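Please look through the following structure before reading the briefing.

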Amino acid sequence: MTGRRVGMAAQGSTRPGNRGTWARIRSAAVDLGRCQLLSLAAFAVTGAGGLVIGALLLLPVGVGFLLLPPAATALRNMSDRYRRWAAAWTETGAGTGPRAGAGERAVISPPQPLPPRHTGRGGLRRRTLAILGDAGFWHDLRWAWAEPWTGALLAAVPLALVEYGLFGAVVQPFVWRLLGDGNWYAFVLVDSTPSMLAALLLGLAFTAAGLRLAPVVLRLHARWSGRLLAAPYTTELVRRIEHLAGSRADVLDVQAAELRRIERDLHDGAQARLVSLGMTLDEATRLLDHDPQAARALLQEVRATSQRALQDLRELVHGVLPPVLADRGLGDAVRSLALDSHLDVHVEAALPGRLPAPVESAGYFAVAELLANAAKHSGAPEVRIHLSHTGGALRVTVADDGRGGADPGGSGLRGLRRRLEPFDGTLVLHSPRGGPTTATLEIPCASSLPKTSASSGTG
Amino acid sequence: MRVVLAEDLCLLRDGLTRTLQDHGFDVIAAVDNGPALLRTLIEEEPDVAVVDIRLPPTFTDEGLQAALAARRSRPALPVLVLSQYVDQLYAHELLAGGQGAIGYLLKDRITHTIQFVDAVRTVAAGGTVMDPQVIARLLARSDARGTTAELTPRELDVLRLMAEGRSNAAVAQTLFISESAVAKHTAAIFTKLRIEPSADDNRRVLAVLAYLKR
């Protein structure tokens with residue numbers, strides 16, 4: 001995900017699909033309160049922006065050098081608050097984005113932190129200059145200029161609707177007689193009880209529309225903030241490169257460790273057995289003439305050793321690439337895991353053909369790990385595994401109704417995340433104490449069959 | 001007895017052909033790929049087929065697919081599948097028809113000629129032969145689930161050998177006990193696991209496998 005846009009991170013929470021009317025009204029009222037907060041916060045944004053402009057204007061006379069760092073910090077605090085709001089307020093909102101589904105969150109990638117305080121002589125001057133050269137600072141300033149007359153105005157729309165609606169529905173019925181001639185409510189001239197009632201209905205409609213609009217406006221606002229507040233493109237790229245360098249180093253480490261393991265297994269296992277086999281055969285040949293009985297015993301030993309060597313090799317091959325995975329792909333390989341598990345495992349696989357081999361392998365070993373965890377810790381008799389390929393990603397959920405409380409920082413899960421990283425894969429663990437536990441992993445990848453749906457799935 | 005053999009490695013194919021001929025089998029065809037195997041099975045209707053699971057052209061589970069396809073049009077066509085590894089999924093697929101006349105063994109087992117030839121004969125006669133590794137894993141699973149908790153260690157031994165497809169005589173020989181003792185253990189196992197007892201060897205194996213697969 002490059003580009004300075006709002007990343008939509010899927011969360012493990014379930015979408016509140018069929019809540020009661022009351023809960024829906026309450027959540028709309030909360031959203032309305034947030035709109036109110038946004039439109040009021042615009043003043044603070046203007047203030048912080050004004051401070052920065054003032055400091056910039058005072059740079060030629062020197063005072064600006066003193067004022068700019070605190071002003072820039074104040075502005076950054078403000079913009080950080082908006083970033084947090086955007087993420088927090090869209091957490092369980094009804095999805096309206098292209099990937100609307102389970103709760104989505106508009107996560108805005110923050111810019112690099114402002115340049116730190118310098119100590120020593122001329123530290124302040126250097127810091128101010130560094131701030132002036134920081135792309136994130138100018139981004140913040142641009143946002144401070146734009147937010148009051150775009151975002152705040154947008155947030156005011158549902159507010160205005162609700163407030164005007166409440167006036168028509170709740171206040172006007174009592175005061176319309178006192179307002180005299182030419183008392184228009186929207187397009188209704190309120191001069192009689194019937195027209196007052198019409199205005200009342202209209203007011204209710206305005207209120208309802210405002211409440212309905214509030215969450216939509218919040219999402220739009222988050223999107224718009226994301227556009228203005230996301231880290232500059234170069235920062236994104238630098239981060240991406242750092243991430244890639246890190247995960248590439250991890251991949252190389254893992255690969256080297258794997259090769260070492262294979263080498264050691266071969267050396268200690270099959271290779272050693274073949275050597276001992278040769279020695280035993282030699283001994284048997286020597287004994288053949290004068291002690292055929294002992295030779296026979298040795299030859300039987302040879303047979304047993306050769307079978308153990310084969311078993312070693314089999315286990316090695318299975319650890320590198322399980323044959324059923326190579327033969328049949330991820331769906332059947334997971335079914336095979338399920339048959340081997342001590343738990344009752346129900347597998348539902350909706351995969352369109354084969355996936356790229358590295359993805360299949362990563363998915364397989366991840367499921368194996370999660371299944372082993374479930375068997376070891378959950379205490380649940382039943383596990384459900386669902387595999388699908390949607391929106392250009394392999395999605396696997398492993399769910400049990402056990403005792404929950406799985407530690408996402410445990411070494412197994414940490415290793416799993418590390419192995420998913422080179423694929424830009426994610427693992428979301430939802431395991432409250434008392435259960436149930438759901439692990440969802442996603443690996444972006446193409447399927448080997450042409451896709452039937454044309455959804456682009458960008459967030 | 002007419003045998004069709006499918007194995008892509010030339011050395012093994014010749015070795016197997018010789019072994020089978022030495023034990024009085026008539027190897028009517030030895031093929032080296034999946035499509036040829038399927039064609040031969042349908043056309044020749046051999047008394048038994050010995051099939052390597054990994055065959056050209058895909059070098060995946062071509063042999064298994066051909067065997068399953070052949071058994072769809074010729075139900076209960078006896079097939080013994082050989083493989084470098086055993087997988088529970090493949091064992092399930094082979095047993096799924098519930099008709100018997102099926103075998104699934106690790107390739108290593110052919111080094112034990114007598115047992116291998118016995119297995120071929122059992123399958124040809126409509127019996128079921130499962131590799132000890134398949135059974136060991138099924139038993140480990142039953143053990144973890146507690147479904148075989150009531151059995152004594154000796155009964156577990158008998159159950160294991162029975163599930164592999166051994167006859168009472170073979171079980172008695174392996175465990176160094178009398179055949180009547182085996183019969184007594186078998187009766188106890190069937191009572192404890194609440195499996196319908198059956199005089200027919202093959203039906204008995206299938207019932208035990210069905211129980212373990214649960």
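B:Ala76 lies in the loop that links helix 3 to strand 4 of chain B, where helices (H or I, at least four residues) and strands (E, at least two) are DSSP runs numbered from the N terminus. Its phi is near 60°, a positive value in a residue other than glycine. This is a predicted model, in which local features need pLDDT of at least 70, side-chain atom pairs count only at pLDDT 80 or more, and totals for chains, interfaces and linings use all residues. Residues are numbered from 1 along each chain as its sequence is written, while chains are lettered from A and ligands numbered from 1 in the order in which they are written.

**Backbone features in the loops of chain B**

- Most residues other than glycine have a negative phi, and most peptide bonds are trans.
- B:Ala76 is exposed, because 12 other C-beta atoms lie within 10 Å; a residue counts as buried with 20 or more other C-beta atoms within 10 Å of its own, as exposed with 12 or fewer, and as partly exposed in between, with C-beta atoms placed from the backbone.
- B:Ala101 also has a positive phi, near 55°, and is found in the loop between helix 4 and strand 5 (102-106) of chain B.
- B:Ala101 is buried, since 22 other C-beta atoms lie within 10 Å.
- The peptide bond from B:Pro56 to B:Pro57 is cis, with omega near 0°.
- B:Pro57 belongs to the loop between strand 3 and helix 3 (62-73) of chain B.

**The sheet of chain B**

- In chain B, 6 strands form an open sheet in the order 2-1-3-4-5-6, with parallel pairing; two strands pair if DSSP finds at least two bridges between them.
- Strand 2 (26-31) and strand 6 (128-130) of chain B stand at the edges with a single partner strand each, so one side of each has no neighbour in the sheet.
- From one strand to the next, the twist averages 15°, where axes are lines fitted to C-alpha atoms, for helices over the stretch in contact, and angles run from 0 to 180 degrees between N-to-C directions.
- Strand 3 (residues 48-52) and strand 4 (residues 79-83) of chain B run parallel and are joined by 4 bridges.
- Within this pairing, B:Val50 stands opposite B:Leu80 in strand 4 of chain B.

**Nonpolar cores**

- In soluble globular proteins, nonpolar side chains tend to be buried together.
- A nonpolar core is a set of buried Ala, Val, Leu, Ile, Met, Phe, Trp, Tyr and Cys residues joined through C-beta atoms within 7 Å.
- The largest nonpolar core has 96 residues, and those that touch the most other members are A:Val367, A:Val398, B:Val50, B:Val51, B:Leu80, B:Val81 and B:Tyr104.
- Helix 11 (residues 357-378) of chain A supplies the largest share of this core, 8 residues.
- A second, separate core of 36 residues includes A:Cys35, A:Val52, A:Ala144 and A:Val162.
- Not counting residues up to four places away in sequence, B:Val81 touches several residues, among them B:Val51, B:Ile53, B:Leu64, B:Leu94 and B:Tyr104.

**Domains**

- Domain bounds come from an automatic or database domain assignment.
- Chain A is divided into domain 1 (7-231), domain 2 (235-320) and domain 3 (325-444).
- The C-alpha centres of domain 1 and domain 3 of chain A lie 39 Å apart.
- Chain B is divided into domain 1 (2-130) and domain 2 (134-213), and 25 Å separate the centres of these domains, taken over C-alpha atoms.
- The contact between them takes 14 residues from domain 1 and 12 residues from domain 2 of chain B; two residues are in contact if their C-beta atoms, placed from the backbone, lie within 7 Å.
- Helix 4 of chain B gives the most to the domain 1 side of this contact, with 4 residues.

**Contact between the chains**

- In the contact between the chains, 14 residues of chain B meet 16 residues of chain A.
- On the side of chain B that touches chain A, helix 4 (88-95) and helix 6 (132-145) of chain B are the elements that give two or more residues.
- Helix 6 of chain B gives the most to that side, with 4 residues.
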